Amino acid sequence: MPLRIANAAGFLGDQLDAPRRLVEGAQRAGAPIDYLTLEYLAELTLSILARQREKNPAAGFAEDFLYALKSLGPALRSQAGLKIVTNAGGMNPTACAQAAAKILQEHGLTPLPIGVVTGDDLLGELASAQAAGERFANFDSGAPLATLARPIVSANAYLGAEPIARALAQGSRLVITGRVADASLTLGPAVHEFGWDWTDWDRLAGASVAGHLIECGAQVTGGYSDRWQTFDLTDVGYPIAELEADGSCVITLPAGSGGTVDRLSVVSQLVYEIGDPQHYLTPDVDCDFTTVTVAEVGPNRIRVQGGRGRPAPPSLKVSLAYRQGFAASGQLLVYGSDCVEKAQVCGRMILDRLARAGWEVAQSNIECLGGSAGVPGLISAAPAPTEVVLRVSVADPRQEAVARFTREFAPLITSGPAGLAGYAAGLPTVRPVFAYWPTLIARDRVHPQVDVRSAAQWLS
């Protein structure tokens with residue numbers, strides 16, 4: 001029997017009911033899943049969670065997961081073999097486990113073992129690592145981290161599948177991690193169930209391909225497709241990978257759900273965000289995607305096999321964020337036969353008045369949405385619009401400069417041209433800006449830890 005691993009979250013903000021619907025749909029179809037993975041993290045998400053943790057030390061994890069877990073309580077009770085693996089822990093896996101334990105308690109599941117994977121958070125270790133010789137060179141510029149004269153707010157290494165497999169080996173039914181590589185959420189259960197060695201590179205690569213295909217949720221089942229008119233996305237099914245012991249898999253979805261799994265949807269996801277197809281680097285294995293074959297074996301069933309693997313890279317990727325200042329963006333509806341010209345003039349007026357008040361901001365942008373600003377050339381032959389949305393954005397190290405910018409929209413009510421609307425939304429919001437510093441750290445400097453306790457023990 002294949003190992004059935006499904007994914008029902010591709011990012012923080014994905015469909016809240018997808019996890020429950022996927023699990024219930026598979027059960028109704030007579031093919032229950034063994035593992036449910038929930039992938040919530042991206043570089044942007046880590047910055048959002050870092051900001052939450054700054055404001056509240058007990059926050060900083062993906063709270064969407066708590067909604068999903070609450071809805072999955074009945075399935076966890078009725079399907080004793082169902083396990084969940086998620087990186088919902090974000091910046092605070094321990095707090096996430098404690099919140100999850102409270103939900104499990106409500107469902108009478110306090111004996112359920114929860115495994116927590118930590119060790120990815122390097123924020124408190126950057127100085128000692130630099131003193132020991134780590135440069136944390138920026139991928140793009142090559143500059144060492146020592147040249148960054150900005151406050152660092154987060155630094156997380158991408159862990160691999162090994163601590164996930166370790167947590168499962170210790171009896172976990174729910175594994176909560178911080179930053180791990182997306183495909184590792186699938187590889188960890190595969191290694192645990194099949195008993196693979198960590199140097200069985202081709203099998204590790206095969207399961208990593210499967211994890212990469214399902215990590216973005218409905219993207220492989222018809223979402224994000226230009227063929228959206230040919231299938232139902234309202235009830236889109238989320239993906240299931242049926243893994244075999246040799247590392248091959250079949251990608252499918254629950255019977256009766258919308259969307260599609262065909263060769264094009266799978267190949268499109270296969271090449272999504274991979275860089276060099278001969279060297280798709282994960283913390284677990286260096287995957288060669290050029291040897292992968294993709295073939296239809298039935299309706300909504302695509303077999304994927306042939307992935308080849310090489311030893312894992314000696315370094316781990318690090319997602320590091322730092323403070324870069326503040327930003328704000330405001331919008332107004334501009335209507336009339338001259339709306340495009342009017343919007344452009346109003347945008348310049350806002351920035352000119354800001355400069356007259358003494359604030360020359362570091363960055364600014366004027367967009368005329370609906371007037372070909374977003375897709376220049378694509379719709380330029382269309383009839384002239386009679387209404388557009390003006391969006392003006394600024395960024396600057398000084399919060400005061402950005403705050404003053406937000407006060408330049410409302411005066412247009414009486415001191416701008418006729419044909420503007422949208423003031424009732426209030427002042428634009430000034431928000432802190434975190435910038436991204438992509439870098440690496442030597443693998444042997446990162447030490448994942450696994451803590452497995454019952455839900456009752458996480459509450460005590």
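**Close-up views of a predicted protein model**

**View 1. The crossing of helix α6 and helix α7 is right-handed.** In a right-handed crossing the near helix is turned clockwise from the far one by less than a right angle, and in a left-handed crossing anticlockwise. Helix α6 covers residues 162-169 and helix α7 covers residues 184-194; helices (H or I, at least four residues) and strands (E, at least two) are DSSP runs numbered from the N terminus. The axes of the two helices are 8 Å apart and meet at an angle of about 45°, where axes are lines fitted to C-alpha atoms over the stretch in contact and angles run from 0 to 180 degrees between N-to-C directions. Helix α6 is therefore oblique to α7 (under 35 degrees is roughly parallel, over 145 roughly antiparallel, 65 to 115 roughly perpendicular, and the rest oblique).

The model is predicted: local features need pLDDT of at least 70, side-chain atom pairs count only at pLDDT 80 or more, and totals for chains, interfaces and linings use all residues. Residues are numbered from 1 along each chain as its sequence is written, and side-chain values use heavy atoms, with hydrogens and water left out.

**View 2. The rings of Phe 194 and Trp 196 form an aromatic pair.** The structure holds 4 aromatic pairs. In this one, the ring centres of Phe 194 and Trp 196 are 5.2 Å apart and the planes stand at 25°, so the pair is stacked (ring centres within 6.5 Å, using the six-membered ring of Trp; planes under 30 degrees apart are stacked, over 60 edge-to-face, and the rest tilted). Trp 196 is buried, with a relative accessible area of 8%, whereas Phe 194 is partly exposed at 23% (buried is under 20% relative accessible area, exposed over 50%, partly exposed in between, with a 1.4 Å probe and protein chains only).

**View 3. Tyr 322 and Trp 437 form an edge-to-face pair.** The planes of the Tyr 322 and Trp 437 rings lie at 75°, and the ring centres are 6.4 Å apart. This pair links distant parts of the chain, 115 residues apart: Tyr 322 belongs to strand β14 (residues 315-335) and Trp 437 to strand β18 (residues 431-442). Both partners are buried: Tyr 322 has a relative accessible area of 10%, and Trp 437 has 6%.

**View 4. Arg 453 places its charged end over the ring of Trp 458.** The distance from this charged end to the centre of the ring is 4.1 Å (the criterion is NZ of Lys or CZ of Arg within 6 Å of the ring centre and within 35 degrees of the ring normal).

**View 5. Arg 310 and Asp 288 meet in a salt bridge.** Their N to O distance is 3.5 Å. Arg 310 lies in strand β13 (residues 308-310) and Asp 288 in strand β10 (residues 286-288), so the contact ties together parts that are 22 residues apart in sequence. Asp 288 is buried at 8% relative accessibility, while Arg 310 is partly exposed at 28%. The structure has 22 salt bridges (a side-chain nitrogen of Lys or Arg within 4 Å of a carboxyl oxygen of Asp or Glu).

**View 6. Further salt bridges include those of Asp 182 with Arg 179 and of Lys 342 with Asp 338.** The closest N and O atoms of Asp 182 and Arg 179 are 2.7 Å apart, and Arg 179 is buried, at 1% relative accessibility. Between Lys 342 and Asp 338 the closest N and O atoms are 3.4 Å apart. Lys 342 is buried with a relative accessible area of 10%, but Asp 338 is partly exposed at 37%. Elsewhere, salt bridges link Arg 4, Glu 242 and Arg 301 in a network.

**View 7. Phe 136 has a positive phi, as does Asn 300.** Most residues other than glycine have a negative phi. For Phe 136 the value is near 50°; this residue is in the loop between α5 (126-131) and β5 (152-157) and is buried at 2% relative accessible area. For Asn 300 phi is near 55°. Asn 300 occupies the loop between β11 (293-298) and β12 (301-305) and is partly exposed, at 27%.

**View 8. Cys 96 is a buried residue of helix α4.** Helix α4 covers residues 93-106, and Cys 96 has a relative accessible area of 0%. The C-alpha atoms of Cys 96 and Phe 65 are separated by 8.8 Å, and the two residues are 31 residues apart along the chain.
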